[in-house]
Amino acid sequence: RIRELTGGEDPDIVFEHPGRETFGASVYVAKRGGTIVTCASTSGFMHVYDNRYLWMNLKRIVGSHFANYREASEANRLIAKGKIHPTLSRVYPLEETGQAAYDVQRNTHQGKVGVLCLAPTEGLGVTNPELRARHVDAINRFRGV
């Protein structure tokens, strides 16, 4: 499916957030000489993958806390173009911020969690509804999991 989305190409860089659930696939799918950037482990910290896909294809794993200012700007540009998007498992009202933090700390979520701050409902910050509509299934992939 990844190759379908990239026109048959393997990605040069895979930003790997879920961890245990997807790390093996991220190592496998990265292009020969590519990089897997691990930024979190929301589905678990103990990763299992076939190391042959790493060393035989000269790939590398880099640990990161996401980005510096230039990299964050580039990520925002890719989000604006619809090339990457977050996946939300749940959105909490502001009154449940403690529960949201507890769920993340206990690793009982998939994807990202959101907290509504000064917004009564979701979607009020969407500035390009057509672009969001094209990706809404992927954005909500982990809802209710």
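Which element gives the most to the lining of the largest pocket? That's H4, with seven residues.

Before you click on anything, some ground rules. This is a predicted model, where local features need pLDDT of at least 70 and side-chain atom pairs count only at pLDDT 80 or more, while totals for chains, interfaces and linings use all residues. Residues are numbered from 1 along each chain as its sequence is written, and side-chain values use heavy atoms, with hydrogens and water left out.

**Stop 1: the whole chain**

Colour by pLDDT (the predictor's confidence in each residue, from 0 to 100). The chain has a mean of 87, and 99% of its residues reach 70 or more. Confidence is lowest in helix H1 (residues 2-5), with a mean of 81, and highest in helix H3 (residues 52-55), at 95.

Now switch to cartoon. Reading from the N terminus, the order is α-β-α-β-α-β-α-β-α-β-α. The C-alpha trace spans about 50 × 35 × 30 Å along its principal axes.

Two whole-chain numbers to keep in mind. Of the 145 residues, 28% are buried; buried means under 20% relative accessible area, exposed over 50%, and partly exposed in between, with a 1.4 Å probe and protein chains only. And if you take contacts (heavy atoms within 4.5 Å) between residues at least 6 apart in sequence, 54% join residues at least 24 apart.

**Stop 2: the largest pocket**

On a 1 Å grid over the protein atoms alone, a pocket is an open set of points where a 1.4 Å probe fits, with protein on both sides within 12 Å along at least five of seven lines, and lining residues have an atom within 4 Å of a point. Grid points are joined across faces, edges and corners, and the volume is the space filled by probe spheres set on the points. The largest pocket holds about 2000 Å³. To centre your view, select Val14, Phe15, Lys83, Ile84 and His85, which are the closest to the pocket's centre among its 44 lining residues. H1, E1, H2, helix H4 (69-80) and helix H6 (129-139) each supply at least two lining residues.

**Stop 3: salt bridges**

A salt bridge here is a side-chain nitrogen of Lys or Arg within 4 Å of a carboxyl oxygen of Asp or Glu, and the count comes to eight. Start with Arg1 and Glu4, paired at 3.2 Å, N to O. Arg1 is exposed at 65% relative accessibility, and Glu4 is exposed too, at 60%.

Next, select Asp12 and Lys31, whose closest N and O atoms are 3.3 Å apart in a salt bridge. This pair links distant parts of the chain, 19 residues apart: Asp12 sits in the loop between H1 and strand E1 (13-16), and Lys31 in the loop between helix H2 (23-29) and strand E2 (35-38). Asp12 is partly exposed at 48%, and Lys31 is partly exposed at 27%.

Then hop to Asp50 and Arg52, which meet in a salt bridge at 2.3 Å, N to O. Asp50 is partly exposed, at 27%.

**Stop 4: Thr35**

Is Thr35 buried or exposed? This residue of strand E2 is buried, with a relative accessible area of 9%. Show its side chain with that of Arg60, and you'll see a polar contact of 3.1 Å. (A polar contact is a pair of N or O atoms within 3.5 Å; within protein, one must be able to donate a hydrogen and the other to accept it, and residues adjacent in sequence count only if both atoms are side-chain atoms.) Leaving aside neighbours within four places in sequence, Thr35 is in contact with Asp12, Ile13, Val14, Arg60 and Val62.

**Stop 5: two positive phi angles**

Most residues other than glycine have a negative phi. Select Leu58, in the loop between H3 and strand E3 (60-63), where phi is near 55 degrees. Leu58 is exposed, at 59%. Finish at Asn107, in the loop between helix H5 (97-105) and strand E5 (112-116). Phi of Asn107 is near 65 degrees, and the residue is partly exposed at 22%.

Technical notes. Helix = DSSP H or I, 4+ residues; strand = E, 2+ residues; numbered from the N terminus.
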